[in-house]
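Hi everyone, thanks for coming. Let me put a structure up on the screen, and then we'll walk through a few places in it together.

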Amino acid sequence: MSTPTITSLALLTPGNFADDDPYTGLEETLQLFEYGERLGFDGAWIRQRHLEHGVGSAAVFLAAAGQRTERIELGTAVIPIGYENPFRLAEDLALADVLSRGRLQIGFSTGMPHADLLGDLVHDGDWRGFDLSYGRIARVLDHLRGDYLGGPDTVIHSPGNVQRPRLQPHNPGLVHRIWYGARSWS
């Protein structure tokens with residue numbers, strides 16, 4: 001029998017903070033990512049949580065972590081897709097990935113924890129008829145692929161240029177670093 005070999009080592013944290021001092025906890029979490037990189041860890045992952053003393057926006061946190069690290073993979077475990085607008089989330093993740101020089105590893109889950117408290121607030125009313133499952137994740141992936149919006153002649157005018165519209169910044173590698181997290185109660 002062969003001995004198992006560890007080929008990758010990563011840390012995972014919820015980014016906890018005190019109710020009356022969130023900055024200190026978030027700063028300590030960023031320092032943990034920096035320390036993990038100095039120790040030689042291959043990855044540092046954040047849990048995204050809502051209504052809890054933890055990181056509520058993985059994309060924003062990982063953009064900050066990307067500016068303070070150079071090599072370590074930066075991941076999410078996981079982003080509950082039910083709370084997210086697929087286009088806006090894809091924009092935020094693409095920007096964070098570019099700022100980290102292509103080091104993001106993005107994990108998604110379906111559903112909405114605490115839906116009874118947040119569902120109506122997030123979706124401006126009754127959310128129970130919305131597709132909060134894999135279809136929503138597929139929409140994020142479609143946006144990350146960078147397909148152009150509109151027909152072949154559709155352009156938008158911005159100060160200084162004319163361009164075909166698509167998610168910006170476009171980073172074609174990110175769509176290949178997406179994961180799905182699942183659990184079973186059995």
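Leaving aside neighbours within four places in sequence, Pro86 is in contact with Arg136, Arg139, Val140 and His143, where contact means heavy atoms within 4.5 Å. Take His143 from that list: Pro86 and His143 are 57 residues apart in sequence, and their C-alpha atoms are 7.8 Å apart in space.

Before I go on, a word on what you're looking at. This is a predicted model, in which local features need pLDDT of at least 70 and side-chain atom pairs count only at pLDDT 80 or more, while totals for chains, interfaces and linings use all residues. Residues are numbered from 1 along each chain as its sequence is written, and side-chain values use heavy atoms, with hydrogens and water left out.

Back to Pro86, which sits in helix α3, residues 86-99. Helices (H or I, at least four residues) and strands (E, at least two) are DSSP runs, numbered from the N terminus. Is Pro86 buried or exposed? Pro86 counts as buried because its relative accessibility is 1%; buried means under 20% relative accessible area, exposed over 50%, and partly exposed in between, with a 1.4 Å probe and protein chains only.

Now compare Asp20, in the loop between β1 (10-13) and α1 (22-39). Asp20 has 71% relative accessibility, so it counts as exposed. Asp20 also belongs to a surface patch of negative charge, together with Asp19, Asp21 and Glu28. Patches are made of residues with over 30% relative accessible area and no salt bridge, joining like charges within 9 Å and nonpolar side chains (Val, Leu, Ile, Met, Phe, Trp, Tyr) within 5 Å. A salt bridge, in turn, is a side-chain nitrogen of Lys or Arg within 4 Å of a carboxyl oxygen of Asp or Glu.

There is a nonpolar surface patch too: Leu32, Tyr35 and Leu39, with about 280 Å² of accessible area together. Leu39 lies in helix α1. Accessible areas here come from the Shrake-Rupley method with a 1.4 Å probe, and for residues only the protein chains shown count as cover.

Finally, let's zoom out. The chain has 5 helices and 8 strands, and from the N terminus on they run β-α-β-α-β-β-α-β-α-α-β-β-β. Of the 186 residues, 38% are buried. Among contacts between residues at least 6 apart in sequence, 72% join residues at least 24 apart. The C-alpha trace spans about 55 × 45 × 40 Å along its principal axes.

Methods
Lys, Arg positive; Asp, Glu negative; His and termini not counted. Charge placed at Lys NZ, Arg CZ, Asp CG, Glu CD.
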